[in-house]
Amino acid sequence: MEELKVDKHIQYILSIEKEKDSFMALTMEHLRMNGAYWGLTTLDILQNIATVDQNEVISWIMSCWDEESGGFAGNVGHDPHLLYTLSAVQILALLNRLDILNVDMVSKYVSGLQNVDGSFSGDVWGEVDTRFSYCAICCLSILRSLDKINVAKAVDYIVSCKNLDGGFGCTPGGESHAGQIFCCVGALSITGSLHHIDKDLLGWWLCERQCSDGGLCGRPEKLSDVCYSWWVLSSLIMIDRVHWIDKNKLTKFILNCQDCENGGISDRPDDAVDVYHTYFGVAGLSLMEYPGLKTIDPAYALPVDVVNRFFFPE
Ligand code: FPP
Ligand code: ZN
């Protein structure tokens with residue numbers, strides 16, 4: 001079997017950094033904060049986070065902070081959003097620099113986005129989605145500030161998005177989708193509410209996402225895609241059903257999506273690589289305990305040693 005090209009992937013991530021004067025030049029500028037999280041978490045799983053200039057990353061992150069609202073934007077001068085606020089907090093946790101945050105203000109930004117039915121809007125414009133429930137709960141848990149929201153109502157809302165097939169959608173009645181399932185299972189896991197899930201039913205739906213090529217897909221009738229190695233596998237681990245898929249075949253599928261020459265991982269074999277699929281491929285291999293990688297936590301999407309550090313500080 002092809003092996004993981006660790007050095008090539010490190011070079012690939014660092015080369016994206018060098019394309020601009022500071023960290024992570026991505027084609028989608030507004031997603032830069034997410035890109036930085038994908039790239040840096042990949043480097044940490046590959047045991048190479050020390051290769052980046054941490055001060056440069058931290059000062060760029062703080063220049064994306066909006067003092068007025070307390071939230072983080074996707075790039076300098078853009079509007080704050082929960083998606084980028086979670087990525088910023090995750091990166092600071094990764095770099096062990098949560099101390100520079102004004103935790104009260106960031107928590108206030110996040111809690112201010114909870115609606116009366118317990119759901120969360122992504123930003124002031126109001127779009128509601130279970131993705132934002134996850135972002136809020138994960139972010140506040142890292143900041144040890146879950147008491148700033150109504151957790152019971154947040155859980156009720158997520159449970160109201162559960163479908164008859166055992167999966168979850170974006171809003172009540174929305175079709176089950178592996179990405180949304182990760183968000184809902186992750187939020188329920190962090191809040192100690194996994195008893196709301198029928199594990200056998202959901203486990204069945206999730207393991208049926210494995211295609212004949214060994215890869216995982218996001219919904220019935222869709223093609224396999226490396227990013228679902230994360231969304232599906234992390235969910236299966238959280239509900240203790242990961243032994244229902246063929247790990248060997250999935251490992252081979254991910255390794256086949258590598259660009260062995262220039263580094264990086266693509267969504268499926270022979271497609272162009274990007275930092276998003278590089279992260280999810282490496283994170284998926286970490287979930288399957290591939291040798292030489294740091295173990296990643298399936299709920300927080302951060303290495304386990306990082307999660308332990310914010311829960312059990314020295
Ligand atoms: C599919 O995306 C994925 C989702 C809907 C889940 C997104 C979750 C977050 C943004 C929460 C933060 C995540 C982490 C790991 C910390 P897609 O638009 O690619 O779906 P498609 O394959 O159907 O196009
Ligand atoms: Zn994908």
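This briefing covers the shell around a ligand, a helix pair and a loop residue. The model is predicted; local features need pLDDT of at least 70, side-chain atom pairs count only at pLDDT 80 or more, and totals for chains, interfaces and linings use all residues. Residues are numbered from 1 along each chain as its sequence is written, while chains are lettered from A and ligands numbered from 1 in the order in which they are written.

**Ligand 1**
- The shell around ligand 1 consists of L83, R131, Y134, C135, G179, Q180, F182, C183, G218, W231 and A301 (C-beta atom, placed from the backbone, within 6 Å).
- Helix α8 gives the largest share of this shell, four residues; helices are DSSP runs of H or I, at least four residues, numbered from the N terminus.
- Seven shell residues are nonpolar, three polar and one charged (nonpolar: Ala, Val, Leu, Ile, Met, Phe, Trp, Tyr, Cys and Pro; charged: Asp, Glu, Lys and Arg; polar: the others, Gly among them).

**Helices α2 and α4**
- The axes of α2 (residues 32–45) and α4 (residues 82–94) come within 9 Å and cross at roughly 30°; axes are lines fitted to C-alpha atoms over the stretch in contact, with angles from 0 to 180 degrees between N-to-C directions.
- The two helices are therefore roughly parallel (angles under 35 degrees).

**Loop residue A73**
- A73 lies in the loop between α3 (54–63) and α4.
- A73 is buried, because 22 other C-beta atoms lie within 10 Å (the cut-off is 20 or more, with C-beta atoms placed from the backbone).
- A73 and R32 are 41 residues apart in sequence, and their C-alpha atoms are 9.1 Å apart.

Note on methods:
Parallel < 35°, antiparallel > 145°, perpendicular 65-115°, else oblique. Buried ≥ 20, exposed ≤ 12 C-beta atoms within 10 Å, placed from the backbone.
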